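I open these notebook entries with the model displayed beside the page.

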Amino acid sequence: RGPVPRGRPLENDVTLLILRSAGGDAASIETDLLGLSLIERNAHAAAKAGFTHVLVAGGDTGGPARTCGGIPVEFTASGNVQLDKTEGPLVVLNGNVLADPAWLGKLMAMPVQPGGIAVENEVAAVIVRDGTGAWPVDPMSAKDAGTFFADARTAARHDIEPDRDGRFILTSAGDRAAAEAWLLGKLIKSGDSLLTLLINRRLSMAISRRLVRTGVTPNQVTVVSVLIGLAGAPFFLYAEPHLQMIGALLVLIHSIVDGCDGELARLKFQTSETGMVLDLWGDNVVHVALFACLGVGWYFAGGAVWPLLLAASAVGGTLWSAWLVHDDTVRRTEAGSAPHLSSVTAGDGTRLAKILNGLGNRDFLYGMLALAFFGKAYWLLPLVAVGSPLFAVGLTAQRRRKRTQINA
């Protein structure tokens with residue numbers, strides 16, 4: 001669906017109305033935030049939240065329509081807003097607010113009665129027509145955000161509880177750095193371990209921050225990270241500490257760069273099922289190569305066959321786990337969830353899910369780095385040979401429990 005022509009009434013759309021802020025010190029809707037303007041970020045967030053149209057109003061003139069996230073974004077001048085056929089709730093957002101998709105979704109789903117209005121100061125409002133089709137506060141004649149919210153607060157029947165995790169308010173153009181820091185902070189996953197937070201995440205976000213304004217795509221970053229990891233695996237065929245250290249550092253760099261693809265995808269709103277599958281299997285291909293080389297290297301060093309059996313167990317458990325995660329995640333995507341792999345299980349708060357998500361981190365790479373310093377990186381293999389199949393068994397048990405609950 002293309003952009004709606006200017007002046008045409010919006011028909012049965014779930015609309016986000018963004019009102020420009022008045023005053024020279026206010027942040028512009030075109031303020032650049034990590035490669036996308038404020039209005040583009042809000043439009044993409046609206047698309048993810050389920051809105052079908054974004055209307056930007058305020059000022060003396062409108063502007064050309066554009067499309068963000070697959071939905072039309074229309075610009076109109078003050079007093080020229082046309083909402084005659086809009087049904088359902090209308091979410092109104094101050095133009096200086098940077099919104100998170102989940103927060104916009106909550107606003108859209110608020111249980112506001114016909115003729116009702118809910119407001120959060122000069123941040124956001126949710127309004128619904130009454131039985132006669134009239135708005136409790138007329139958004140069509142609003143001169144700017146300040147005018148509308150002054151009237152809305154007077155007529156408000158409910159208050160929207162502030163959610164500082166759901167939106168960031170730019171009080172002036174000088175808040176750009178803080179807004180970007182807020183965006184980057186939302187990239188941190190709840191399951192990140194302490195080492196991941198202190199090292200991997202800091203480095204990956206520093207890289208992502210520099211890549212986000214370039215034409216580099218998340219999938220390109222995934223491919224680069226896989227190539228780095230595969231380049232490191234053969235170094236474990238040797239017992240020399242300096243060679244194992246090179247391999248361990250390359251695999252660790254792979255792990256850091258691998259975090260950038262998801263960060264870029266979320267910052268650029270380029271998440272996709274293809275990217276998710278590429279990331280999942282690329283990461284596990286590196287692990288398979290790593291465990292295989294550790295086993296073969298240990299075999300070369302000692303001549304015994306059992307390291308090869310350990311490697312086979314580690315590789316088999318890794319592939320088994322990868323398939324289970326792939327199948328579960330693709331099912332979620334087909335069911336309507338966003339294709340965003342933030343944990344190894346669709347965590348439901350159970351102890352098993354928390355344990356599995358904790359075991360799915362890559363802190364073992366730091367242990368491997370320490371062992372490589374002494375030329376003993378393959379000592380990690382017995383732990384992986386046991387832990388990898390057990391991890392797959394835990395994932396299988398988790399899936400069966402969920403299916404039992406669904407069928408109950």
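**Entry 1. Overall make-up and confidence**

I noted at the start that this is a predicted model. I then looked up the composition: the protein chain has 12 helices and 12 strands. Of its 408 residues, 47% count as buried. I also looked up the sequence range of the contacts: among those between residues at least 6 apart in sequence, 73% join residues at least 24 apart.

For confidence, I recorded a mean pLDDT of 85 for the protein chain, with 84% of the residues at 70 or more. Confidence is highest in helix H6 (residues 218-232), at a mean of 97, and lowest in helix H10 (residues 351-359), at 59. I marked residues 1-11, where the pLDDT is below 50; this stretch has 34 contacts in the model beyond near neighbours in sequence.

**Entry 2. Strand S7 and its partners**

I asked which strands S7 is joined to by bridges. S1 and S7 run parallel and are joined by 4 bridges. S7 and S10 run antiparallel, again with 4 bridges. For individual positions, I noted that Leu 19 has Asn 94 of S7 as its bridge partner, and that Val 91 stands opposite Val 126 in S10.

I next looked up how S7 is covered. Of its 5 residues, 5 are buried. Both faces are covered: Leu 90, Val 92 and Asn 94 lie on one side, Val 91 and Leu 93 on the other, and all are buried.

**Entry 3. Asn 94**

I selected Asn 94, which is found in strand S7 (residues 90-94). Is Asn 94 buried or exposed? Its relative accessible area is 3%, under the 20% cut-off, so Asn 94 counts as buried. I then asked which backbone oxygen the side chain of Asn 94 reaches. That atom belongs to Glu 122, and the distance is 2.7 Å. Leaving out residues up to four places away in sequence, I listed its contacts as Leu 19, Ser 21, Glu 122, Val 123, Ala 145 and Phe 149.

**Entry 4. The nonpolar cores**

I looked up the largest nonpolar core, which has 29 residues. Leu 16, Val 54, Val 56, Leu 93, Trp 103, Leu 104 and Leu 107 touch the most other members. At least two residues each come from strand S1 (15-19), helix H1 (38-49), strand S4 (53-57), strand S6 (71-76), S7, strand S8 (97-99), helix H2 (101-108) and strand S10 (124-127). H1 gives the most, with 5 residues.

Apart from neighbours within four places in sequence, Val 56 is in contact with Ile 18, Arg 20, Ile 29, Ile 39, Val 73, Glu 74, Phe 75 and Thr 76.

**Entry 5. Aromatic pairs**

I counted what the structure holds in ring pairs and recorded 7. Phe 168 and Trp 182 form a tilted pair, 6.3 Å centre to centre with 40° between the planes. Phe 168 lies in strand S12 (residues 167-169) and Trp 182 in helix H4 (residues 176-185), so this pair ties together parts that are 14 residues apart in sequence. Both residues are buried.

I then looked up Phe 291 and Phe 364. Their ring centres are 6.3 Å apart and the planes stand at 45°, so this pair is tilted. Phe 291 lies in helix H8 (residues 273-302) and Phe 364 in helix H11 (residues 364-372), so the pair ties together parts that are 73 residues apart in sequence. Phe 291 is buried, with a relative accessible area of 4%, whereas Phe 364 counts as partly exposed at 21%.

I also recorded one aromatic cluster, formed by Trp 298, Trp 306 and Tyr 378.

**Entry 6. Helix H4**

I returned to H4 and asked which of its residues are buried. They are Ala 179, Glu 180, Trp 182, Leu 183 and Leu 184. What covers them includes strand S2 (32-33), H1, S8, S12, helix H5 (194-211) and helix H7 (241-267).

Definitions and conventions. Residues are numbered from 1 along each chain as its sequence is written. This is a predicted model: local features need pLDDT of at least 70, side-chain atom pairs count only at pLDDT 80 or more; totals for chains, interfaces and linings use all residues. Side-chain values use heavy atoms; hydrogens and water are left out. Buried means under 20% relative accessible area, exposed over 50%, partly exposed in between (1.4 Å probe, protein chains only). A polar contact is a pair of N or O atoms within 3.5 Å; within protein, one must be able to donate a hydrogen and the other to accept it, and residues adjacent in sequence count only if both atoms are side-chain atoms. Contact means heavy atoms within 4.5 Å. pLDDT is the predictor's confidence in each residue, from 0 to 100. A nonpolar core is a set of buried Ala, Val, Leu, Ile, Met, Phe, Trp, Tyr and Cys residues joined through side-chain atoms within 4.5 Å. Rings of Phe, Tyr and Trp (its six-membered ring) pair if their centres lie within 6.5 Å; planes under 30 degrees apart count as stacked, over 60 as edge-to-face and the rest as tilted. Two strands pair if DSSP finds at least two bridges between them.
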